[in-house]
Amino acid sequence: MNLSDSIDATRKDLLALLRGKSVFHGDFMLSSGAKSKYYIDCRLTTLDGRGAWLIGRLMHDLIRREEKKRNVKVDAVGGLTMAADPVALATGMVSSVAKDAEPLRIFCVRKAPKEHGKTKQIEGNFKAGDSVVIVDDVVTSGGSIITAIEAVKREGGKVAFAVVLVDRLEGGREKVEATGCPLFSLFQREELLS
């Protein structure tokens with residue numbers, strides 16, 4: 001596992017890890033309130049050392065490709081705590097290892113602003129004027145990503161686009177994109193369930 005590994009091989013390794021660790025079948029209630037016959041618990045992969053490296057490598061590659069394609073500058077990555085936190089950290093660490101001229105900074109969005117101290121909703125390495133990418137592990141309804149987008153905008157940031165590990169293909173992408181924020185995924189539901 002290093003930066004010289006091909007993106008295709010890294011993607012194949014991550015897909016195998018997600019299938020083995022993060023996919024469960026049964027009757028589940030999702031955070032969106034919907035019921036599902038399967039559950040994708042990406043935290044079992046995002047909080048795994050090998051999984052984090054693979055995720056960071058693929059997310060970094062996707063973000064840098066889209067950044068060039070869209071002719072935007074990305075300063076930082078983050079999203080709604082806690083699902084987005086290991087994804088953002090892994091991506092930022094790979095950015096540093098890759099010796100990016102300006103490594104991606106990392107931030108976390110609280111579900112609500114703190115009631116003490118600086119009463120911030122965004123923690124970490126974010127400042128007004130930053131152009132950011134919102135990350136998450138799974139998109140179902142899009143609610144977590146939209147909450148993060150709104151917080152970044154309130155704090156004076158700009159959202160270049162959003163990226164997720166897995167799109168459940170249940171309307172979340174469309175809701176996020178209706179806010180004007182393009183959303184990209186590393187995988188779609190069928191890839192994990194097949």
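## Accessibility and basis of the model

A residue is called buried when its relative accessible area is under 20%, exposed when the area is over 50%, and partly exposed in between, with a 1.4 Å probe and protein chains only. By this scale Ala9, at 35% relative accessibility, counts as partly exposed.

The structure is a predicted model, in which local features need pLDDT of at least 70 and side-chain atom pairs count only at pLDDT 80 or more, while totals for chains, interfaces and linings use all residues. Residues are numbered from 1 along each chain as its sequence is written, and side-chain values use heavy atoms, with hydrogens and water left out.

## The mixed sheet

Helices (H or I, at least four residues) and strands (E, at least two) are DSSP runs, numbered from the N terminus. Two strands are said to pair if DSSP finds at least two bridges between them. On these terms, six strands form an open sheet with mixed pairing, in the order β5-β4-β3-β6-β7-β8. Its edge strands are β5 (122-124) and β8, each of which pairs on one side only. Direction ignored, neighbouring strands of the sheet are turned by 25° against each other on average; the axes behind such angles are lines fitted to C-alpha atoms, for helices over the stretch in contact, and angles run from 0 to 180 degrees between N-to-C directions.

Strand β3 (residues 76-80) is joined to strand β4 (residues 105-109) by five bridges in the parallel sense. Within this pair, Gly79 has Cys108 in β4 as its bridge partner. Helix α4 packs on the sheet, where it touches β3, β4, β6 (131-139) and β7, and its direction makes about 170° with that of β3. Contact here means heavy atoms within 4.5 Å.

Strand β7 is mostly covered, with nine of its ten residues buried. On one side, β6 and β7 pair in the parallel sense over eight bridges, and Val135 has Val163 in β7 as its bridge partner. The elements β6, α5 and β7 make a right-handed β-α-β unit. A crossover is right-handed if, with the strands pointing away from the viewer, the path from the first strand over the helix to the second runs clockwise.

Strand β7 (residues 158-167) also pairs with strand β8 (residues 183-188), in the parallel sense and over five bridges. Val166 stands opposite Phe187 in β8, and the bridge partner of Asp167 in β8 is Gln188. In a regular strand the side chains alternate between the two faces of the sheet.

## Packing of α3 against α4

The axes of helix α3 (residues 49-70) and helix α4 (residues 84-97) come within 7 Å and cross at roughly 75°. The two helices are therefore roughly perpendicular to each other; angles of 65 to 115 degrees are classed in this way, those under 35 as roughly parallel, those over 145 as roughly antiparallel and the rest as oblique. From α3, the residues in contact include Trp53, Ile55, Met59 and Ile63, and from α4 they include Val87, Ala90 and Val94.

By class, this contact has nine nonpolar, four polar and two charged residues. Ala, Val, Leu, Ile, Met, Phe, Trp, Tyr, Cys and Pro count as nonpolar, Asp, Glu, Lys and Arg as charged, and the others, Gly among them, as polar. Thr91 is found in helix α4 and is buried, with a relative accessible area of 0%. Not counting residues up to four places away in sequence, Thr91 touches Gly56, Met59, His60, Ile63, Val77 and Leu104.

Val152 lies in helix α5 (residues 143-154) and counts as buried, at 0% relative accessibility. Val152 and Ile122 are 30 residues apart in sequence, and their C-alpha atoms are 7.6 Å apart in space. Beyond neighbours within four places in sequence, the contacts of Val152 are Phe107, Ile122, Phe126, Val132, Ile134, Gly157, Lys158 and Val159.

Helix α1 (residues 7-22) contains Leu15, which at 12% relative accessibility counts as buried. The C-alpha atoms of Leu15 and Phe187 are separated by 8.0 Å, although the two residues are 172 residues apart along the chain. Leaving aside neighbours within four places in sequence, Leu15 is in contact with Phe187, Glu191 and Leu192. Ala9 also has its place in helix α1; from C-alpha to C-alpha, Ala9 and Leu54 are 9.9 Å apart in space and 45 residues apart in sequence.
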